[in-house]
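Subject: Handing over the two-chain model

Hello,

The structure we spoke about is below.

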Amino acid sequence: MPVVSAFLVPGSPLPRLKPEVLPWGRLAAACQRAGRALAASRPDAVLVYSTQWFAVLDQQWLTHRRSRGVHVDENWYEHGDLPYDLHADTELAHACVAASPRIGVQARGVNYEAFPIDTGTIVASQALEVGTPERPLVVASNNLYHDAATTEKLAAMAVACADEQGKRVAVVGVGGLSGSQFRTEIDVRTDRIASPDDDKWNQRILQLVESGDVAQLRALVPDFAREARADMGFKHFYWILGALKGRFPGARVHGYGPAYGSGAAVVEFTL
Amino acid sequence: MAQGEILAGFLAPHPPHLVYGENPEQNEPRSQGGWEPLRWAYERARADLEALKPDVLLVHSPHWITSVGHHLLGVRTLSGKSVDPIFPNLFRYRFSLDVDVELAEACAEEGRKLGLVTKMMRNPNFRVDYGTITCLHMIRPQWDIPVVGLSANNTPYYLNTKEGLSEMDLLGKATREAIRRTGRRAVLLASNTLSHWHFHEEPAIPEDMSKEHPQTYEGYKWDMRMIELMRKGRTREVFKLLPQFIEEAFAEVKSGAFTWMFSAMGYPEIPGELYGYGTVIGTGNAVMGWNLQREGLSTLGREPASLARLTD
């Protein structure tokens, strides 16, 4: 199998923009550890799925060879800019566009200067040190009408395309856990998961991920998504699951904490 | 200082297809036209806006989504290239806009007085959302009138429609008071589509109008029902039906711009002028205007004749 490593990382920009805030700094440090593990796996390309890249028509894949610019998050602009310079594996991305109809999904490439790359893709790439010439990206959008099963199929298809090209790939799902955020200004030094129930849900899901209990996860994630408002139904986890052919023996949680009340974790899957 | 006035409000939807169809020099992609009835509707709205000679345009856009409060553009000039994340093939537009920061700050302050969380966006590198830009281009392509840009707080989706629209009602009242206090002659723009069921695939030629039609008959019927009420000035009924319309037609007015605008205008029971209606990838779009100046209702010297909390 061409998958050499797999990770879940948060898409919130707060750990990247404000690492001096203790809970966010811990997540940033966890991302650095995950980034070192990713680098050690020596992938030829990195397959990224970010919950924050919304699509509603077709499945979009980033086919712009080098995306450069300065991004400002629409919510957290006061904490600064996110300059980015992301390299894409366009050969593999084009293969994914071409192969998508085989799984019943219409797809298109996105190859435009100044295309608004989403916050999640940018901060994850920077934190993991991917999107470089050595570790170029293949980025898939989150079509809001795709369910978990379709997301799994997309990831499996992308891995198959990498296999056909003889490439080793790291797989990254970018998104959060529980989705409830604080709705008012808070003292960020006291940031915490928005509710004890959300915290329990997050910990329960992470324990199951650590133990590799896919059957239980499949059974519970719909409840998790509903009751803890999991980020986009936790579809980024299904991206990982699809890439790993629906099974993994376990995982290591490098970090878990709040991002303005929502749940965030950095997870490295055992292959 | 002159007395503040809300001269008019426009329902001004933002499909980037309309800019694409018009082929302005600021937009990179070239089209063979398309969506003419909606574009011609905007031409008539532009003429009415020109006659009003406002100091400022205030636009509430569903594509600047914020989770902690209601945000306002707070940088004097913002410019750049806006690429639509959903339709990058149609909309890659170079823009430059001037912001009426003083009025934006007044809106934020009045919002806080009413218990809302508000925030001024001060980052000069901020990327203005394409909903704001499309709406502004379609209503005033000269870009010569300062702007106040308001975000769409996600409360209607995060909590529920009732609570969300209650907040938008308050934001409208705050906006009204800010305009009164600063003496501006303002026009409000609600950047919303009506029924929002849409196609999931794009025609090979996006502007091939033989492929354009309402996505659902139910959505179309809802749009006509609401437009008819608005044309007759039956505002109270419009807002009574709004939650059901939102639910059954997946209407984009859920995001709040329409409620914000009507709240700021004092929910006038005056006929709206329908400049035109059309679909864009199946969604229902109406360009409409409510001319308060013509009706003698533009001056903001007193509290609005109220429909209290319309979501109650």
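**What was found**

A:Asp199 is partly exposed, because its relative accessibility is 25%. (Buried means under 20% relative accessible area, exposed means over 50%, and partly exposed lies in between, with a 1.4 Å probe and protein chains only.) This is a predicted model, in which local features need pLDDT of at least 70 and side-chain atom pairs count only at pLDDT 80 or more, while totals for chains, interfaces and linings use all residues. Residues are numbered from 1 along each chain as its sequence is written, chains are lettered from A and ligands numbered from 1 in the order in which they are written, and side-chain values use heavy atoms, with hydrogens and water left out.

A:Asp199 sits in helix H6 of chain A. (Helices are DSSP runs of H or I with at least four residues, strands are runs of E with at least two, and both are numbered from the N terminus.) A:Pro258 is 59 residues away from A:Asp199 in sequence, yet their C-alpha atoms are 9.3 Å apart in space.

Two packed helices are described by the angle between their axes and the distance between the axes. H6(A) covers residues 196–211, and its axis comes within 11 Å of that of H7(A), with a crossing of roughly 160°. (Axes are lines fitted to C-alpha atoms, for helices over the stretch in contact, and angles run from 0 to 180 degrees between N-to-C directions.) H6(A) and H7(A) are therefore roughly antiparallel. (Under 35 degrees counts as roughly parallel, over 145 as roughly antiparallel, 65 to 115 as roughly perpendicular, and the rest as oblique.) The crossing of H6(A) and H7(A) is left-handed. (That is, the near helix is turned anticlockwise from the far one by less than a right angle; clockwise would be right-handed.)

**A helix pair in chain B**

Helix H8 of chain B (residues 235–249) and helix H9 of chain B (residues 257–265) have axes that come within 12 Å and cross at roughly 150°. So H8(B) is roughly antiparallel to H9(B). Their crossing is left-handed.

B:Tyr267 is in the loop between H9 and strand S9 (273–280) of chain B. B:Tyr267 is not a glycine, but has a positive phi of about 45°. It counts as buried because its relative accessibility is 4%.

**Salt bridges**

- A:Arg218 and A:Glu152 meet at 2.7 Å, N to O. A:Arg218 lies in helix H7 (residues 214–227) and A:Glu152 in helix H5, both of chain A, so the pair ties together parts that are 66 residues apart in sequence. A:Glu152 is buried at 15%, while A:Arg218 is partly exposed at 35%.
- B:Glu105 pairs with B:Arg122, the closest N and O atoms being 2.8 Å apart. B:Glu105 is in helix H3 (residues 101–113) of chain B and B:Arg122 is in the loop between strand S6 (118–121) and helix H4 (130–139) of chain B, so the bridge ties together parts 17 residues apart in sequence.
- A:Lys18 and A:Glu20 meet at 3.4 Å, N to O. A:Lys18 is partly exposed at 21%; A:Glu20 is exposed at 57%.
- B:Glu50, B:Lys53, B:Arg140 and B:Asp144 form a salt-bridge network.

**A nonpolar patch made by both chains**

Which residues make the nonpolar surface patch of about 510 Å²? They are A:Phe54, A:Leu144, A:Tyr145, A:Met232, B:Trp197 and B:Phe250. (Patch residues have over 30% relative accessible area and no salt bridge; like charges are joined within 9 Å, and nonpolar side chains, namely Val, Leu, Ile, Met, Phe, Trp and Tyr, within 5 Å. Areas come from the Shrake-Rupley method with a 1.4 Å probe, and for residues only the protein chains shown count as cover.)

A:Leu144 lies in the loop between strand S7 (137–143) and helix H5 (148–164) of chain A, and is partly exposed at 38%. A:Met232 is in the loop between H7 and helix H8 (235–243) of chain A. A:Met232 has a positive phi of about 50°, although it is not a glycine. It is partly exposed at 32%.

**Strand S7 of chain A**

A:Ser141 belongs to strand S7 of chain A. A:Ser141 is buried, with a relative accessible area of 0%. A:Asp58 is 83 residues from A:Ser141 along the chain, and their C-alpha atoms are separated by 9.4 Å.

Best wishes

Technical notes:
A salt bridge is a side-chain nitrogen of Lys or Arg within 4 Å of a carboxyl oxygen of Asp or Glu.
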